[in-house]
Amino acid sequence: MTITENKPTSVIGTRLLRREDPPLLTGEAKFTNDLNIPGALHLTVLRSPYAHAKIKSIDVSAALKIAGVIAIYTGKDLQSSWASPMPCAWPVTPDMKNPAHYPLAIDKVNYVGDGVAAILATNEVASRDALDAIDVQYEPLKAVVDLEDSLSDKNIIHTELGTNKSYTWPLLVEETPGCVEEAFKKAKYKVKERYVQQRLIPMAMEPRAIVAVPQPFGGDITLYSSTQIPHILKVMTALTLGIPEQQVRVVAPSVGGGFGSKLDVYAEELLCMALSRKHNAPVRWVEERSENTQATIQGRGQIQHVELAADENGKITAVRVRIVGDMGAYLQLVTPGVPLLGAFLYAGVYDIPKAYDFECTSVFTNLTPTDAYRGAGRPEATYAIEMAMEALARAMKIDSFELRKRNYIKKEQFPYVAFSGLTYDSGDHLLAAEKAAKMTDLAGVRAQQKKQNVPGATKLLGLGMSSYFEMCGLAPSRVLASLNYSAGGWEAATVRVLPTNKVQVITGTSPHGQGHETSWAMIAAEKLGVAPEDVDVLHSDTAISALGLDTYGSRSLPVGGVAIALACDKVIEKAKTIAAHQLECATEDLQFANGTFSVKGSPDRALPLAAIAFGAFTAHNLPEGCEPNLEAQVSYDPPNFSWPFGTHMCVVEVDTETGAVEILKYIAVDDCGNQINPLIVEGQVHGGVVQGIAQALFEEAVYDEDGNLKSSNLAEYLVPAACDVPSITTGHTITPSPTNQLGVKGIGEAGTIGAAPTVISAIIDALSGLGVTTMAMPASPQTVWKTIQAATSGGKK
Amino acid sequence: MIPAAFDYKRATSAAEAISLVSQYGSDAKFLAGGHSLLPLMKLRLAQPAMLIDIGRVKDLSYIKDAGSHLAIGALTRHMDVETSKVVHEHAPLLAKAASHVGDSQVRHRGTIGGSIAHADPASDLPATTLALGATYVVQGPKGQREIAASNFYKGFLESDLAADEMLVEIRVPKMQGAGWSFQKFNRRAQDWAIVGVAAWHRKGEAGVALVNMGSTPILATSVANAIAKGASISDAAALASNEADPQSDLNASSDYRKHLASVLVRRALEAASK
C-alpha cells in the first residue's frame with residue numbers, strides 16, 4: 001500500500017487537548033487508593049532487612065495481640081494458596097534457570113524487600129504497628145551485589161540452580177564463519193569500550209495500590225490494581241492461584257504512570273487475592289514510597305563491552321558485544337528478556353555487513369528484581385553504540401557527526417533488511433540529524449566553543465549528539481514465538497456505532513497517562529466522520545474490554561490504534577451494504593466522506609451514518625443476510641515492529657572547579673511516522689528525554705556491599721524536577737510507516753532512548769581538551785570533578 | 001509513612017507552650033511548620049508521645065527593626081523573612097538564604113525558629129545566622145536567656161536548648177551595607193546544600209559560615225581571621241575547611257566537600273567584595 005504523509009484533515013494531526021486532563025488536574029480522577037470499599041481489610045508486608053539470609057524463625061505472637069490485627073501469614077502458611085510459582089512470561093532459552101518465586105519467601109530471603117510475612121488488619125495503623133512487633137530471626141549470608149562477582153559463582157544465591165547464571169543468549173550473524181574475528185584482525189580502526197548501565201528506580205508518581213474484592217457467592221473476584229496490564233494480570237493471577245479465569249475481573253482505575261514498573265504480576269496482587277478469598281472480605285494494599293524503591297521492580301542494570309571494527313573511511317565492518325545483565329534476586333514477568341530487547345540494535349542506525357557477534361549472560365544478584373523500564377533494553381543498546389561511535393571518531397580524529405554520516409542507513413535503502421533479518425520499515429536518519437543540527441545551530445555552537453574553551457577557562461562548553469532508532473510496537477506474534485516469549489503481540493478493538501450515532505471504542509490497550517482516550521477518539525472520529533467528543537473510549541476493565549494485551553513497549557498506537565482503524569473500516573463496510581440497500585444502488589457506486597454515504601455523481605442520493613446506525617438498531621430494513629447493529633471487532637497482529645528514530649543534540653557547560661553540569665540547550669528531533677496528536681507526541685518526547693537526562697546526570701539506585709539500598713527515598717534518589725532540566729526544543733520529521741494504514745510508529749520510549757548518550761557525549765566533548773575520554777553515569781558533580789582530576793595532572797582522589 | 005501513635009495539644013501562647021512542655025518533658029516535641037519533624041515521625045525515626053503545636057502562636061511571628069539589630073520572632077515563616085523590606089535593607093544575606101530553603105510550599109510553612117532549633121548542619125539558616133553573629137533568645141520556665149549562635153550548636157541535631165525551653169526570637173545584627181554572598185551548591189534546585197557558604201565582607205572584616213560541612217553549622221574563623229590580616233581572597237579561601245569536619249554521603253566524599261568549600265568560599269568572598 002502507499003502510505004502518504006498526513007495532511008491535516010479534520011481531526012488527525014491536530015493538537016486536540018486531552019480529555020483525560022480535566023479530571024486529573026482537578027483531582028476528580030479516581031486512583032486505586034481513592035476507591036471507597038467499605039469493610040476492606042488492610043494488608044502490610046513485612047520485608048527482609050537483609051539482602052541474603054536464611055529465615056530461622058518467625059514469631060508473630062506479639063503482633064497478633066495488637067488491636068485491629070486479624071491474621072498474620074508467613075510463606076509456609078500460604079503455600080497451599082498457590083497453584084504455581086509467580087510467572088515469568090519469557091523463558092528466553094530452553095535451559096534458562098528460573099528459581100521458584102512465591103509471593104512470600106519461605107526458607108530464605110534473597111533481597112532487601114523480599115516479603116516475609118503478610119499482616120491483615122482492620123486499619124492501616126494497626127497493620128503498620130504490627131510490622132514492628134513481629135520477631136524474625138535471620139541467619140545473614142554474604143550478599144552477591146556485584147555483577148562480576150555473581151558471574152564468578154563464588155557465592156551462589158539459588159543453590160538449587162548450582163549457578164548464578166540464568167542464561168546465555170547469543171546472536172551471531174556472520175556472512176561467512178569467523179568473519180567477525182577476521183574483521184577485527186584486519187580493521188584499520190577499532191575501539192573497545194566498557195559501559196555500565198546503572199540500576200534505575202522507575203518512580204511512577206503513583207506508587208502501587210491494590211484492592212481485591214471477592215463476591216460473597218460464586219467465587220468471582222475483582223482485582224483493582226494500579227497496573228499497566230489488566231488483561232495479562234487476569235490470565236496470570238487465575239493460573240497462579242488456580243482459579244477459573246472467568247471468575248477473575250481486573251480493573252485498572254486511573255493509573256499514575258508505570259514506565260514498565262507496573263507491567264508485572266506482583267506478590268502483593270496475589271496476596272490480596274488469596275487473602276480476600278480466605279477471609280471473604282476485600283483486602284487493600286498501598287505501597288509507601290520508600291517501600292516502592294525496593295518492592296517494585298527496578299530498571300536497567302548491565303555491564304556492556306562493545307567493540308567496533310572500521311575500515312580506513314570509518315565504515316563499520318563488524319560489531320561485537322558482550323553484556324552481563326542484572327536480573328536481581330528473581331525473574332519477574334519479563335525480566336530475562338529486557339537485555340535482549342536491545343540485542344538487535346547494537347549496530348544502531350548504521351549500515352553494517354553481516355558481521356555481528358552479540359552475547360548476553362544474565363545473572364542473579366541479591367538485589368531487587370529488574371524488569372522493563374522505559375526503553376527496556378533499547379536505551380542501553382543505543383547508549384553503547386552511540387558512545388562507541390564517539391570513541392571511534394576520537395580514534396580516527398574526525399568529527400563524530402561526520403563519522404555517523406558515513407555510516408547512516410540511507411533513505412533509499414528502506415525498507416531495510418538488516419543483518420539480523422529484521423526489516424526496518426522506514427527512515428531517513430540523515431534528514432533528522434541535519435534538522436537537529438540546524439535547530440542546534442551547530443556551527444554557531446562550535447564557534448562559541450572555540451572562543452570559550454581556552455586554556456585556563458573554568459567553564460567549558462560541550463556539544464553532544466546521538467542518533468537512535470528503536471524497535472517498538474510489540475509485536476508480530478510469530479517473531480515473539482521465535483524469541484520464546486510466552487504471549488502474542490496482537491491488539492483487539494471493538495468499534496460500535498450506537499443508535500444515536502455516538503461511538504463506542506473498546507480497546508485492549510491500557511493507558512496510564514498516555515492519552516489513549518483522546519487519541520483513539522481522534523482516530524475513530526476521523527474514520528467515521530463524527531466529532532471526537534461523540535466517541536467514548538472504554539478500556540482497562542476486563543469485564544468491558546474482554547480482549548487485549550495492554551500497554552508497554554510503545555505498542556498501543558501502532559498495534560492498538562491501527563486495530564481501531566481496521567475495526568472502523570469493517571463498520572464502514574457493513575454500513576455501506578446497508579446504505580446501498582436503502583439507497584437502492586450497488587456498494588461500488590457509493591462513497592463515504594464526512595460521515596455520509598452518497599452515490600457517486602448524485603450527491604443528493606445520500607444517507608448519513610446516523611441514519612444507518614439507527615436503521616441497524618431498528619432492523620426495519622436491512623439487506624438479506626445482514627445482522628442488526630453496527631459494530632465490528634478486530635484482533636490485529638502487526639506484520640512488523642515499528643521503527644521510530646531521530647537525532648538528539650545538546651549543549652552543556654561544565655564548571656571544572658565543581659564538576660557541575662548545566663544543559664544549556666537540548667534539541668530532540670524524533671520521527672514516529674504520522675502523528676495522530678502532536679501535543680501528545682511532544683509530551684511523550686519531553687517526558688522521555690527527562691528520564692534519559694535523569695539517567696545521565698541524576699539517578700542511580702545505590703547499593704552498599706551488603707545489598708542495602710542507600711538511595712531509598714526521594715531525598716536520596718534524585719528525580720529531577722522541571723527546574724532541574726532545560727527547556728527541551730522538539731522538532732520532528734515524518735517518515736510514515738509502510739506497514740499500517742495510519743503510517744504510525746510508537747513514540748513513548750524514544751525520548752529516553754536518545755537522551756542519555758546525548759548528554760554524556762556532550763560532557764566528554766566539553767572536557768576533551770583536558771584529556772577526558774570517558775564519563776560514568778550518573779555524571780554527578782563529584783564524578784565529573786574526579787574524572788577531570790584523574791585525566792589532568794591533578795590526579796588526586 | 002504512618003507515624004507511631006502520638007497525642008496532640010495546641011498552644012496559644014509561648015507561656016502555655018512552655019508550661020505544656022514542662023509537663024511532658026522529653027516525651028514532647030514542639031511542632032512549628034513541621035517540615036523537619038513530620039518526615040522524621042513518618043519514617044518512625046522520631047516517636048514523640050506528645051506534639052505541642054505552636055504554629056498558631058501569633059505573637060511570635062514578627063520582624064522588627066530594634067535599632068542595632070533586627071528582632072525576628074521564632075515563628076516567622078521563611079517566606080516572610082525572604083520578602084521583608086526590613087530584612088532586605090538591613091540583613092539581605094538572610095533574605096537570600098531564606099529564599100533558598102526548600103521550595104515555595106516549604107517556605108510558606110517552615111519557620112526560622114523551627115529551622116534553628118532543629119539544628120541540622122545542612123540547613124541554610126543556622127549557618128547564615130551564625131555567619132551574621134546572631135543571638136538566639138530562648139524562653140523556659142525560669143525565664144528568658146540569650147545564647148550567641150556560636151555557642152548554640154552542640155552536635156548533630158543537638159543544641160543548647162533544654163528540653164523545657166523554646167526558642168522565641170532571633171536577633172540579627174544589621175549588616176550596615178556590607179557586601180555579601182550566599183552560595184548553595186546542590187544537584188537539584190530544591191535539595192539541601194551539598195556544601196553551602198554564607199559570607200559577608202566589609203573593609204577587611206568578614207564573616208563566613210559553612211552549610212553541611214560537619215555535625216554543626218561551621219563558623220570559618222580561619223577564613224575571617226585571614227581576611228582581617230589582609231590575606232588575599234584565594235589564600236583565605238584555602239583555609240575554608242580548617243574548622244570543618246565534613247561527612248561523606250551519596251552526593252559527596254569528605255575530600256570533595258573540602259574542595260567545594262574552598263571554591264565556594266572563594267566565590268562568595270569575590271562576590272561579597274565587589
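Which residues lie nearest the centre of the largest cavity, and how many residues line it?

Author: This is a predicted model, in which local features need pLDDT of at least 70 and side-chain atom pairs count only at pLDDT 80 or more, while totals for chains, interfaces and linings use all residues. Residues are numbered from 1 along each chain as its sequence is written, chains are lettered from A and ligands numbered from 1 in the order in which they are written, and side-chain values use heavy atoms, with hydrogens and water left out.

A cavity is a set of points, on a 1 Å grid over the protein atoms alone, where a 1.4 Å probe fits but cannot get out; lining residues have an atom within 4 Å of a point. Volume is the space filled by probe spheres set on the points, which are joined across faces, edges and corners.

The largest cavity has a volume of about 140 Å³. Its lining comprises 21 residues, and those nearest the centre are Arg47(A), Tyr111(A), Ala267(A), Glu268(A) and Ala295(A). Two or more lining residues come from each of β1 (41–47), α7 (267–279) and α8 (289–295) of chain A; helices (H or I, at least four residues) and strands (E, at least two) are DSSP runs, numbered from the N terminus. The largest share, 3 residues, belongs to α7(A). By type, the lining of the largest cavity holds 11 nonpolar, 7 polar and 3 charged residues, where Ala, Val, Leu, Ile, Met, Phe, Trp, Tyr, Cys and Pro count as nonpolar, Asp, Glu, Lys and Arg as charged, and the others, Gly among them, as polar.

The second largest cavity contains about 60 Å³ of space. Its lining divides into 3 nonpolar, 6 polar and 4 charged residues.

Technical notes: 1 Å grid on protein atoms, 1.4 Å probe; cavity = no way out; pocket = protein on both sides within 12 Å on 5 of 7 lines; lining within 4 Å.
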